[in-house]
Amino acid sequence: MAAGFPGRLSVVCSSRWLQGWHLSLGPSGARSAHAGAAARLQREYDAVVIGAGHNGLVAAAYLQQAGLRTAVLEKRHVLGGAAVTEEIVPGFKFSRASYLLSLLRPQIYADLELQRHGLRVLPRDPYSFTPLLEDRNPPRSLLLGHDMAQTQQQIAQFSQKDAQAYPEYEAFMGRMVLALDPLLDAPPVDTAALGKGSVLQQLRNLQTLKPLLQAGLALGRQLPRYYEVLTAPISKILDQWFESEPLKATLATDAVIGAMASPHTPGSGYVLLHHVMGELEGRRGAWGYVAGGMGALSQAIAHAATARGAHIFAEKAVCHVLLGRDGEAQGVALQDGTEVRSKLVLSNASPQITFLELIPQEQLPKDFVQRIRQVDTCSPVTKINVAVDRLPSFLAAPNARNGQPLPHHQCSIHLNCEGTQLLHQAFTEAAHGHPSSRPMIELCIPSALDPGLAPPGCHVVSLFTQYTPSVLAGGRSWDEQARNAYADTVFDCIEDYAPGFKASVIGRDILTPPDLERIFGLPGGNIFHGGMSLDQLYFARPAPSYSGYRSPIPGLYLCGSGAHPGGGVMGAAGRNAAQVAIKDFRHL
């Protein structure tokens, strides 16, 4: 996984960074929420949360705030699930899996007072940089930011028509995001309940239609056009707006990121919407780095939960859910044999782990089990974390003489994005079992804005790459040779855009889809706990009739990314599930 470290590290970066060569657990990787966390696990709680991913921590904070005595049990040594900071190379702090923040719901920021608990976000402007490989000196590049005039000037290098159309495109997408936004903060409509119960109960049930009706009214006469965005290939939508390939490819990356899909795949437009739904400090669609890495976000949420009285424990692996005589959840059993009783159990684990590993199959409806087994968890993602001894210098935007970061270094840097056809070719190779020979690469350098992540003069580089199949052609597995061969391909590509990159590498951490599953519990390595295609959203997430966080097991709730509204560091599933569980608890 992590490559060897050249001896020159002690010369380039002060030798103190090499003292105690081991995985360090600094403030963002603590073994419990903070020094005041519970010293002992009690044998009974009102609610137990399985997994301390960000959704589980959010759920715990809301449960405890409502007066339910709550414990969170995490199997790893570090809290946060995929939102963690880990020191893989001595002195270099990586956001090892998830690496950017935008989607976290504004209500969660406010309700949990996350700033007071230490969260600090570093907004990025500009936010997107696409250098090109072309026969001109210097090659062109596309830099997108929040200054619309400057962004239009950048786009005009490739097309005056596109530059003029871009503000209207942004407004069009913005209206759709605003319309769909309320759907994120409530359970999907329970259609089975609409016609049941007394007249009064039926009227109450009709109120659950409100977010859906609000969305339809907000979209108004444009509804057919927006329906097309949700169902068509993103390439078709972008072709209607633009003509320049670098712009279309750059925008298309948000439609396929994390998905085993091509820009030509129907329904890829929703994934793009999902990634522009967020906001930072009131600015819609903005993405930023968390100071201290993504683990600092998880720590802030954990602090908020423990400040309210929740108990949070690392290295407490759950092996199964305890069931009562009537099949209801009554707590959990740990791998060490400890039993923790509770009235409610919320699982932040994937639907596959929750229902196929933690619950006896005979306790679940057969059609439900079949649905969970059939969830598409195919993942194209290999995440590579890299320690470097200098900033990458791109042919399209060479470094300053003093070596200090330039505006484009803070961006998501899109490589191999000269055109959407390149992305499609990369997808096609993986669909046939072969890692992309020219993969889609999103390169981020968080230390450009947060220098404390690396030793002086050095940087951490995040490479979110696709497409890589979970199982290689011929049934071959991802052994060390295959991992390194693919990473070398990625590094060769980067070298084409930024000569000298390979020579700057000190160490690397390669996480293929099987690694993401093994380490973080992501099914198939899927960062969303299951694909975000329309057949696996809203009413159907994780399965029809069970999209409202309740499960076939009374007292057991799904609160992770496998539930509505899906993946990303959003917290909505944790908050929504907690609210449903709290309501049920009050009727026990």
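## Contacts of L346

Leaving aside its neighbours within four places in sequence, which residues is L346 in contact with? In this predicted model, L346 is in contact with V48, V49, I50, A59 and L63, and also with Y557, C559, A577, A578 and A581, once neighbours within four places in sequence are set aside.

## The nonpolar cores

L346 belongs to the largest nonpolar core, which has 74 residues, and it is one of the five members, together with L63, L114, L297 and V332, that touch the most other members. Helix α12, which spans residues 294-307, supplies the largest share of this core, namely eight residues.

## Confidence in the model

Across the chain the mean pLDDT is 90, and 91% of the residues reach 70 or more. Over residues 1-12, however, the pLDDT is below 50, although this stretch has 34 contacts in the model beyond near neighbours in sequence. The pLDDT is also below 50 over residues 14-38, a stretch for which the model contains 53 contacts beyond near neighbours in sequence.

## Strands β15 and β19

Strand β19, made up of residues 505-511, is mostly covered, for seven of its seven residues are buried. Its pairing with strand β15, residues 381-388, runs in the antiparallel sense and extends over six bridges. Within this part of the structure, V386 stands opposite R508 of β19.

As background to reading such a pair, the side chains in a regular strand alternate between the two faces of the sheet.

Is S244 buried or exposed? Its relative accessibility is 6%, and because buried means under 20%, S244 counts as buried. This serine lies in the loop that runs between α9 (234-241) and α10 (245-256).

When residues up to four places away in sequence are not counted, S244 touches F158, S159 and D162. With D162 there is also a polar contact, made from side chain to side chain at 2.6 Å.

## Cis peptide bonds

The bond from D125 to P126 is cis, with omega near 5 degrees, and P126 sits in the loop between β5 (121-123) and β6 (128-131). R541 and P542 are likewise joined by a cis peptide bond, for which omega is about 0 degrees; here the proline, P542, is placed in the loop between α18 (513-520) and β20 (556-558).

H529 has a positive phi of about 65 degrees although it is not a glycine, and S545, which is not a glycine either, has a positive phi of about 75 degrees.

Why does H529 count as buried, and why does S545 count as exposed? The relative accessibility of H529 is 10%, and so H529 counts as buried, given that buried means under 20%. For S545 the relative accessibility is 65%, and therefore S545 counts as exposed, the cut-off for exposed being over 50%.

Definitions and conventions:
Residues numbered from 1 in each chain as written. Predicted model: local features only at pLDDT ≥ 70, side-chain atom pairs only at ≥ 80, totals over all residues. Heavy atoms only, no water. Helix = DSSP H or I, 4+ residues; strand = E, 2+ residues; numbered from the N terminus. Buried < 20%, exposed > 50% of the residue type's maximum accessible area, 1.4 Å probe, protein only. Polar contact = N/O pair within 3.5 Å; in protein donor to acceptor, adjacent residues only side chain to side chain. Contact = heavy atoms within 4.5 Å. pLDDT = per-residue confidence, 0-100. Pairing = 2+ DSSP bridges. Core = buried A, V, L, I, M, F, W, Y, C linked by side-chain atoms within 4.5 Å.
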